[in-house]
Amino acid sequence: MNTDCKLIWESYSYKLITEVVASKANVQRLITKYGIDDSGARALIDRFNEVEGALAKKDIFAYGNIDELDGAIGAVTTEREKTTKGAIIVFENNEVKVLLIRTKEASIKNGRKTKWCISYDDEDDGDVDDGEGNAFYRYLLSEDEPIIYFVISKTNNEKFSILKNKDGSYNYEEIRDKNNEETTLESILSKYKLQESIFKYVPVTNQERLRGAVEEPYDAMVYAKNVIKGRWPEAEPYIMKNASAAVAYARYVIKGRWPEAEPYIMKNVVDVSAYAAYTYAKDVIKGRWPEAEPIIMKSPEDALAYAKDVIKGRWPEAEPIIMKNPKAASGYARHIIKGRWPEAEPYIMKDPEAIYTYAIVIIKGRWPEAEPYIMKGPMDASAYAKDIIKGRWREAEPYIMKDAYAAYTYARDVIKGRWPEAERKIMKDPNANYYYKNEFNL
């Protein structure tokens, strides 16, 4: 038996082993366990066998009740439909296949091994990402409402994406090969002997827009702002559950408070909600938001911003939290207290960058107590010597020379000449070595 036949036989054998047989015993057991009739039990067996391979529980009798089992089967079926029904074959011959892509799932599946942002799989670190996740709905919910076609070769690994706008024009910057390099529609048509009439514009449906709102609430907010130019009631239940999207929707679409969304703005992940609540208070309420202050003060940076932009003064309740973050504490002293903050100084000393800022902006001179700490940060120590000591800082030089680029800036800005003791370290870093040699004509 050759390898291909062996694999097919093993797959078939596994199917025979795992498939539920509609025997009298199994049917009766299903009737008893799930409270269904004979025909319902037989139909359930057929539905289960169709999706069994994708289910977490592969034993039809392992579910707590019929609703749990129906839900599991339905979830797999829905996901499969998104992939299969989301890719419509509009043309096919022996050399090429042209797909009209209607769902993100179909875009991911059929765009495998490409560098397209519309096919990036958020759950697969192996794909290439532009840093902002999958962009399928970012395009679909844009003003041009483009539809997407994939041209996929059957004879090699070539793939092309083509975007056509609702006005019938093409987004020529988004006609791309699999490496995400721009190409031309004419070259694709010529290579595969395709007719341009294949690429018809098929309007985006409201159901598709709402699916985009469910998966990408922020893109739905942008659609309401730029396309609808007003509220989008059907999408609001989804937008409000994303703190950042809800704040932007209130600010740019409703142009005022959005009471229904406020509980969601306050209850998400602290780092997200603190910032969202701060911006909501600043840009929408335009004043203090007492209910959200316990959330905001959990983030030192956002608490500082809230004190500066909303309270416009000291916020005593948040100070114990702000002072424990060196950069936030330095910023609070600078923007709020406008002077030294003795209680926070032990914390500020823990961060060389915060020490430098505090010394130059608040103390306006040397800060002896903090110098043992700042000298351990080479770049900040170099800047401290240049801007505050205004000369060589020999105690810190052993630390500064540990960083090639810091050593170069120290030589350039402080010594203002070559620094022989540090040159061995500088030469090991190509960038620092290049600038050092160029600075001193070596």
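This is a predicted model: local features need pLDDT of at least 70, side-chain atom pairs count only at pLDDT 80 or more; totals for chains, interfaces and linings use all residues.
Residues are numbered from 1 along each chain as its sequence is written, and side-chain values use heavy atoms, with hydrogens and water left out.

**Confidence overall**
- The protein chain averages a pLDDT of 88, and 90% of the residues score at least 70.

**Helix H2 against helix H3**
- Helices here are DSSP runs (H or I, at least four residues), as strands are (E, at least two), numbered from the N terminus.
- H2 (residues 24-34) packs on H3 (residues 38-51) at an angle of about 105°, and their axes are 9 Å apart; axes are lines fitted to C-alpha atoms, for helices over the stretch in contact, and angles run from 0 to 180 degrees between N-to-C directions.
- That makes H2 roughly perpendicular to H3 (65 to 115 degrees; under 35 is roughly parallel, over 145 roughly antiparallel, and the rest oblique).
- From H2, the contact takes Val27, Leu30, Ile31 and Tyr34; H3 brings Asp38, Ala41, Arg42, Leu44 and Ile45.
- By class, that contact has 7 nonpolar, no polar and 2 charged residues (Ala, Val, Leu, Ile, Met, Phe, Trp, Tyr, Cys and Pro count as nonpolar, Asp, Glu, Lys and Arg as charged, and the others, Gly among them, as polar).

**Helix H8 against helix H9**
- The axes of H8 (residues 206-215) and H9 (residues 217-228) come within 5 Å and cross at roughly 130°, so H8 and H9 are oblique to each other.
- Arg209, Gly212, Ala213, Val214 and Glu215 of H8 meet Pro217, Ala220 and Tyr223 of H9.
- The class tally for this contact is 5 nonpolar, 1 polar and 2 charged residues.

**The cavity**
- Searching the whole structure turns up 1 cavity of 30 Å³ or more (a set of points on a 1 Å grid over the protein atoms alone where a 1.4 Å probe fits but cannot get out; lining residues have an atom within 4 Å of a point).
- The largest cavity holds about 50 Å³ of space, a volume being the space filled by probe spheres set on the points, which are joined across faces, edges and corners.
- Its lining consists of Ile101, Arg102, Phe136, Leu140, Pro146, Ile147, Ile148, Val204 and Glu208.
- Helix H6 (136-140) and strand S3 (147-153) are the elements giving two or more residues to that lining.

Terms used. Contact means heavy atoms within 4.5 Å. On a 1 Å grid over the protein atoms alone, a cavity is a set of points where a 1.4 Å probe fits but cannot get out, and a pocket is an open set with protein on both sides within 12 Å along at least five of seven lines; lining residues have an atom within 4 Å of a point. pLDDT is the predictor's confidence in each residue, from 0 to 100.
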